[in-house]
Amino acid sequence: MIESDRVLSAMVQELWDNDINRLQPGKDYRISLQGKAGDSMANNDNNDGAGYPLFTFVDENIFKKETFLAFISLLDNYESDTGEPEIVTPEEVAENHKFLDAIIQTPTMKVPRSAAYLPDSSGFEHVFVGETRGGRTVIGFHNWIQLYLQEKLGHIDYKGYSVNANSPQPDENKHILALQFSWKNGIKPKGSIFIGVSPEFEFALYTLCFLISPNERVKVQFSMYDVEIVCHHYNQKHIGTTYPVLLKYQTPK
């Protein structure tokens with residue numbers, strides 16, 4: 001690992017250590033991985049490796065915490081179709097400010113020194129809410145809270161976990177998962193998400209990677225994870241999309 005990645009990894013570890021609102025697998029939530037998803041882009045039963053929802057239990061008391069509550073209030077502020085114009089109301093602007101005010105006060109967000117920058121609304125929608133393209137393809141959608149809430153409403157059909165020859169086997173007690181699912185008649189052939197982390201952790205992590213590294217792919221090590229953070233820049237000033245890719249689990253020392 002190069003020196004810049006080691007420095008960034010140390011900062012990400014500090015973010016992780018300060019994520020006091022992170023859920024505990026098996027206690028605060030439980031997931032059911034079931035089978036491996038198929039490789040087809042088709043949204044049909046032949047591609048479905050899971051007959052049941054991904055989430056079997058989530059302690060929704062966590063959603064009463066200030067940052068979770070403020071985050072969830074933003075999720076219905078966007079049109080999922082990329083061809084539909086966004087109409088931002090004064091109430092939605094107020095919700096944006098309330099969320100930013102809430103997360104900036106958390107220990108996790110105080111770690112990045114330049115916390116003044118945060119993803120713009122289009123980057124937020126793509127990463128945390130999800131979008132559809134042409135009615136058939138789901139793009140973005142890298143947030144576990146939105147996934148859980150949409151699955152609870154019956155809008156998500158979890159198809160199974162995704163692995164390849166180089167990726168580790170998924171674990172129901174770990175915080176990163178690659179998966180396939182359908183949403184609003186569109187298919188997300190492969191997505192990767194953190195599970196159980198707080199909104200402020202993801203915002204702090206992605207903000208830090210965007211500000212610190214000029215590269216759109218950066219490798220970091222923290223807790224028990226070796227992860228590549230993909231962070232595509234938009235006009236060099238905004239985040240286009242960003243998400244984690246699990247490379248391997250670290251061997252306990």
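## Close-up views of a predicted model

**View 1. The largest nonpolar core.** The largest nonpolar core holds 65 residues, and F55, F63, W144, L147 and L205 have the most contacts inside it. Helix α7 (residues 199-212) gives this core its largest share, eight residues. Here a nonpolar core is a set of buried Ala, Val, Leu, Ile, Met, Phe, Trp, Tyr and Cys residues joined through side-chain atoms within 4.5 Å; buried means under 20% relative accessible area, exposed over 50%, and partly exposed in between (1.4 Å probe, protein chains only). In soluble globular proteins, nonpolar side chains tend to be buried together. Setting aside neighbours within four places in sequence, F55 is in contact (heavy atoms within 4.5 Å) with R30, I31, W144, L147, Y148, E151 and I195.

A note on reading the views: this is a predicted model, in which local features need pLDDT of at least 70 and side-chain atom pairs count only at pLDDT 80 or more, while totals for chains, interfaces and linings use all residues. Residues are numbered from 1 along each chain as its sequence is written, and side-chain values use heavy atoms, with hydrogens and water left out.

View 2. The protein has seven helices and 10 strands, taken as DSSP runs (H or I, at least four residues, for helices; E, at least two, for strands) and numbered from the N terminus. In strand β6 (residues 176-183), eight of eight residues are buried. I176, A178, Q180 and S182 point one way, and L177, L179, F181 and W183 the other. In a regular strand the side chains alternate between the two faces of the sheet. Strands count as paired if DSSP finds at least two bridges between them: β6 runs antiparallel to β5 (residues 156-161), with five bridges, and antiparallel to β7, with seven. D157 stands opposite S182, while I176 has F194 in β7 as its bridge partner. Look for K184 in the hairpin of β6 and β7, where two residues lie between the strands and K184 takes a positive phi near 55 degrees.

**View 3. S192 meets P244.** S192 sits in strand β7 (residues 186-194), and P244 in strand β10 (residues 238-249). The S192 side chain reaches the backbone oxygen of P244 at 2.4 Å. S192 counts as buried because its relative accessibility is 8%; P244 is buried too, at 0%. Beyond residues up to four places away in sequence, S192 touches H142, I176, L177, A178, L179, Y243, P244 and V245. With neighbours within four places left aside, P244 has contacts that include I176, Y206 and E228.

**View 4. Salt bridges across the chain.** The whole structure has seven salt bridges, each a side-chain nitrogen of Lys or Arg within 4 Å of a carboxyl oxygen of Asp or Glu. One of them joins D48 and K159 (3.9 Å, N to O). D48 lies in the loop between β1 (29-31) and β2 (55-58) and K159 in strand β5, so the pair ties together parts 111 residues apart in sequence. D48 is partly exposed at 25%, whereas K159 is buried at 2%. In another, R217 pairs with E228, their closest N and O atoms 2.8 Å apart. R217 is partly exposed at 45% and E228 is buried at 14%. Salt bridges with shared partners also join D48, D157 and K159 into one network.

Key
A polar contact is a pair of N or O atoms within 3.5 Å; within protein, one must be able to donate a hydrogen and the other to accept it, and residues adjacent in sequence count only if both atoms are side-chain atoms.
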